[in-house]
2 protein chains.
Amino acid sequence: MKEKIDLLGAGLIGSLLAIYLKKRGLDVTIYEKRQDWRNSNKSSEGRSINMALSDRGWNALEKAGLKEKVLPYTLPMSGRRIHDEHGNTYFQPYGKENQAIYSISRNVFNELLMDEAEALGAKIYFNHKVENVNVAKREVEFCLKDGSEKRMTSDVLIGSDGSYSALRNAFQSQVRFNFYQKFISHGYKELHIPPTASGDFALDPNALHIWPRGKFMLIALPNLDKSFTCTLFLPFEGYKVSFENIYDDRDVSQIFKTYFNDAFDLMPNLLADFKNNPTSALINTECYPWTENNALLIGDAAHAMVPFYGQGMNCGFEDCFILDKLIEKYGTSSWDLVFEKFQKKRKRDTDAICQLAMDNFKEMSDNIADPKFLIRKKIEAKLHELYPKEWQPLYSMITFSNMRYSEAYAIGKLQEKVMDEVMKDPDVPKNWNDLDYAAIVEKVETSGEV
Amino acid sequence: MKEKIDLLGAGLIGSLLAIYLKKRGLDVTIYEKRQDWRNSNKSSEGRSINMALSDRGWNALEKAGLKEKVLPYTLPMSGRRIHDEHGNTYFQPYGKENQAIYSISRNVFNELLMDEAEALGAKIYFNHKVENVNVAKREVEFCLKDGSEKRMTSDVLIGSDGSYSALRNAFQSQVRFNFYQKFISHGYKELHIPPTASGDFALDPNALHIWPRGKFMLIALPNLDKSFTCTLFLPFEGYKVSFENIYDDRDVSQIFKTYFNDAFDLMPNLLADFKNNPTSALINTECYPWTENNALLIGDAAHAMVPFYGQGMNCGFEDCFILDKLIEKYGTSSWDLVFEKFQKKRKRDTDAICQLAMDNFKEMSDNIADPKFLIRKKIEAKLHELYPKEWQPLYSMITFSNMRYSEAYAIGKLQEKVMDEVMKDPDVPKNWNDLDYAAIVEKVETSGEV
């Protein structure tokens, strides 16, 4: 008899996990709240959000044999292109010459992964909204599209059901479940830059575009159809430029003309998009334990992060990769053991990336436009050039390596401390090129903190 | 027409709040999950826990005209009596000569407050378990004792329904509700020391007794019937002495004989109590906002803390006191305004006391038995003696004053920093009496951090 395993949620993480589990010969069923939107014109949630695939994500896809299939749907972005308020732009490479992060449409990607999972024999039930989970009995109650109810009892249950996970909600009424959810002060709205009249990209397609404005920012990622998906991040309230202060079309135009004038010129549907697209909140959640009674939380259900490090999906994919390695090692005779090993190993890493994602908003929206910050980045780049192994930029350790997030975090903190010291010298803007770089690297090396 | 206000939970906070609101001429109804246990032999939850009333609590009771009524049910505890492993005891006064905290039975106190609330015209419905709350409609669905359902729509709704608040659960599915719940590594079990054969207190009744043992501890508070209610705090797991390692009577006896031998001799029912009383978990919760659409969280529902500063009830009573003052100031024509003012003013204070309660476990279970800590306390006592206004001990600011918790917290942090410096001197154990006390106080005074 094959072993049966049930997943809640056929999003990116649930679908990739189903592929891994099918490849291990298990009997996999996914229950998905949404309808099947493949072969229809509608996107899953009216959202056209783009994801940025980086090394951890690729690594997990490769192990599942999907790298080559996914690649054609992606566009490499080899750096940030910063847009200042005068319309000037500056390019900041993310890493070395051949390093990039890859823009891909969430919907297209999700469809591809669902197709793969089904092709391997996973069964996906759509229109199954979880109403209630009894963790002790591993019993799930669904509400179907016609309003009828359905019950399912699971041998092994995995919640890949995202930031507002129903399984996690059920865990929360268990004794001694630690939980933390925080909404940040900013919300976001998706907008759009279509191709030019001549059918071309309106901006450089090999970059992630950022209009950093301190307390708020606009970003844009390229699509295969030569359009860009833009995301506007604004405080909900408490600032002059905030969602609460935007009442009508005039306010929208005014803000875009004042702060994003070059983008404004490329957005013919700005006013309609702004009106029709929802303003969404951004949540960070952390919890523990992730497992109870042969049930497990994974991906955003276990650790939802804000999007500012571009690691939410990559981290969830890495979850799948690590879980699969543990199944490889320990087999499937004791899921509790596998799940326990998984949470013990992984929790500190997801805590680290959640924290980095939270901290990175300031870097994206504020620091990257600050001259002193740019000098700091130049020094760090030179350190990396001179000592490629001893000094790796934090961004590279997170984005272009598979080093544990917690380790990267600890090294990053150490580098930060050393750089804070370096930057205290008022002459740095003049003499940054002639610093004693060996001594700086030495400071990180000899510190006992890592 | 009188204004109608509905409270969830007739515990200590709900009952006191009902009294305040009745005195403001409002129409008050309380819905309570439990049955009415007054005039029955059963306690509310099979628990006989004692509370420690201190100044903030008394202050709130006094404003409600209840101080004289409550006093006869209390026993003053003017300090801690520390029991070491050899059966020696040491007395540490909590404050000045006439200062004490007051032991009172939770059940007796709760009954008294419910009686008062009813006498003033508040209606209490018992056996009303909240099944669901619709925050937008302010509609509450109850499950009654006979299994039937009842719905109620509220004009103004207050959740005084404790650490596992149903109203807070409903808030949690609202957009942008921040929530944090953490269970600490320790649990507790209630035990009992009966009066002696001659009908007397088995221990000094004017103290809170503590058997501090590092990672665990036992405490005892006196009761009017000359018994003591004891609470054993142990780690759930991960240590030799922990709940997971106690399998049978022999283990219980062994631990008590080894670590609490003098108490063991006074506990004839130890083994039965240990078996019959539940092992309970300890939760800390913080959340924000506390109010939404004319509904408010108060007391533990808004901020549940661990019991190690003895402030949970006192803080909840102070909540009522402050809310009442805001009603006095702003009237009842805009509850949203009153509730908004309340949360804005109060949140930072409850955050501070939650943190202090969390930190104080170490002080109670570990530090108070450490010689170096005792010298530190002596220096602080002398600082207070020499400079009674400039140096007030943190414990006194929290327990014997009505200073804002957040202010006390900030001053306490500053004192801690200064004392850390003082204690770095290796000669302190010898020369502590001859330090430059004026200079130490000066350091706190001149620091810019408060």
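I took patches as residues with over 30% relative accessible area and no salt bridge, joining like charges within 9 Å and nonpolar side chains (Val, Leu, Ile, Met, Phe, Trp, Tyr) within 5 Å. The model is predicted, so I kept local features at pLDDT of at least 70 and side-chain atom pairs at pLDDT 80 or more, with totals for chains, interfaces and linings using all residues. Residues are numbered from 1 along each chain as its sequence is written, chains are lettered from A in the order in which they are written, and side-chain values use heavy atoms, without hydrogens and water.

**Positive patch.** I found Lys325(A), Lys329(A), Lys341(A), Lys345(A) and Arg348(A) forming a positive surface patch. Lys and Arg count as positive, placed at NZ and CZ. A salt bridge would be a Lys or Arg side-chain nitrogen within 4 Å of an Asp or Glu carboxyl oxygen. Accessible areas are Shrake-Rupley values with a 1.4 Å probe. Helices α9 (312-330) and α10 (335-365) of chain A each give at least two patch residues. The largest share, 3 residues, is from α10(A). Helices are DSSP runs (H or I, at least four residues), and strands are too (E, at least two). I placed Lys325(A) in α9 of chain A. Lys325(A) is partly exposed because its relative accessibility is 46% (the class between 20% and 50%).

**Nonpolar patch.** Tyr73(A), Val108(A) and Leu224(A) make a nonpolar surface patch of about 250 Å². I traced Leu224(A) to the loop between β15 (217-222) and β16 (228-235) of chain A. Leu224(A), at 47%, is also partly exposed.

**Symmetry.** I laid chain B on chain A by a turn of 180° and a shift of 0.0 Å along the axis, with an RMSD of 0.0 Å. The two copies are therefore related as by a two-fold rotation axis. In chain B, Tyr180(B) comes closest to the axis, at 2.1 Å (C-alpha).

Note on methods: Buried < 20%, exposed > 50% of the residue type's maximum accessible area, 1.4 Å probe, protein only. Least-squares fit on C-alpha atoms with pLDDT ≥ 70 in both.
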